[in-house]
Amino acid sequence: MIEGILFFSLLFLIFSVLTIIYRLVVGPTVSERVQALDALGIYLIACVAVFSVVLRSTAFFEVILLFGILSFIGTIALARYIERGVVIERQQSD
Amino acid sequence: MKEPNDVILKTATKAAVVIILAFSIHLFLSGHHNPGGGFIGGLAFVAAVVLLYLVHGIEKVQKNIPVDFKKVAGIGVLISVFTGVGGMISGNPFLNQAFWMVDLPLFGKTEMATAVLFDVGVALAVIGASLTIIISISDDR
């Protein structure tokens, strides 16, 4: 029974990933795309976590941590780009 | 330009950078038998430094880490090549590696391999090359 629950949740996670990809492609402005990328990272982490429960393995935990770090940095960089127009800024220019 | 109010970002970065650096060291050291190694450890280190660059700007980080990353890349490649040549000195092929089992006081029997030195070179090369690329891309507008 627990296997069925896990596969069912994986199915729903994949469905939500597909809807997020729709928002990522269609999304009218940059803000929606950034939000969609952040949510996509979170859902991919959830997919990997459920999958490692299915396999009863701890080998994918580093993947989860690394994906969280990269998603965090990517979201910060894109938000910085929207706010200022520059990703990494210099002080004396402008 | 108005100075932005990013107190939350700076406070979160203080904790996150330490976690990412520790994780990069873990990835680097687990390289021999588990997933990890010099390349991915160097990339995680680059992620931490890029986070610092994003939050604090170029000048502040370059004042506190006064390292020319082009030289770091060159030193890394040199270390990798010389560990490869070290195998040739003892009559073995290029890039031949050796290991010894050493009794360390706290860890017990530990495998000491010269492949770690090669990995140090790879990590330094990756750190220098990626940071040079990222800084020079971010320079022009």
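**Surface charge and selected residues in chain B**

A: In this predicted model, B:Lys10, B:Lys14, B:Lys60 and B:Lys63 form a positive surface patch.

Q: Which elements give two or more residues to the positive patch?
A: Two or more residues each come from helix H1 (7–29) and helix H3 (58–64) of chain B.

Q: Where is B:Lys10 found?
A: B:Lys10 is found in helix H1 of chain B.

Q: What is the relative accessible area of B:Lys10?
A: The value for B:Lys10 is 31%, so the residue is classed as partly exposed. Patch residues need over 30% relative accessible area.

Q: Turning to B:Thr13, is that residue buried or exposed?
A: B:Thr13 is buried, because its relative accessibility is 2% and the class covers values under 20%. B:Thr13 also lies in helix H1 of chain B.

Q: And which residues does B:Thr13 touch, not counting those up to four places away in sequence?
A: B:Thr13 touches B:Leu51, B:Leu52 and B:Val55.

Q: A change of topic: where is B:Ala113 found?
A: B:Ala113 is part of strand E2 (residues 108–113) of chain B.

Q: Why does B:Ala113 count as buried?
A: B:Ala113 counts as buried because its relative accessibility is 18%, and buried means under 20%.

Q: Which residues are in contact with B:Ala113, leaving aside neighbours within four places in sequence?
A: The contacts of B:Ala113 are B:His32, B:Ala98 and B:Phe99.

Q: How many residues apart in sequence are B:Ala113 and B:Ile133, and what is their distance in space?
A: B:Ala113 and B:Ile133 are 20 residues apart in sequence, with 31 Å between them in space, C-alpha to C-alpha.

How values were computed. Residues are numbered from 1 along each chain as its sequence is written. Chains are lettered from A and ligands numbered from 1 in the order in which they are written. This is a predicted model: local features need pLDDT of at least 70, side-chain atom pairs count only at pLDDT 80 or more; totals for chains, interfaces and linings use all residues. Side-chain values use heavy atoms; hydrogens and water are left out. Patches are made of residues with over 30% relative accessible area and no salt bridge: like charges are joined within 9 Å, nonpolar side chains (Val, Leu, Ile, Met, Phe, Trp, Tyr) within 5 Å. Accessible areas come from the Shrake-Rupley method with a 1.4 Å probe; for residues, only the protein chains shown count as cover. A salt bridge is a side-chain nitrogen of Lys or Arg within 4 Å of a carboxyl oxygen of Asp or Glu. Lys and Arg count as positive and Asp and Glu as negative; His and the chain ends are not counted. The place of a charge is taken as NZ of Lys, CZ of Arg, CG of Asp or CD of Glu. Helices (H or I, at least four residues) and strands (E, at least two) are DSSP runs, numbered from the N terminus. Buried means under 20% relative accessible area, exposed over 50%, partly exposed in between (1.4 Å probe, protein chains only). Contact means heavy atoms within 4.5 Å.
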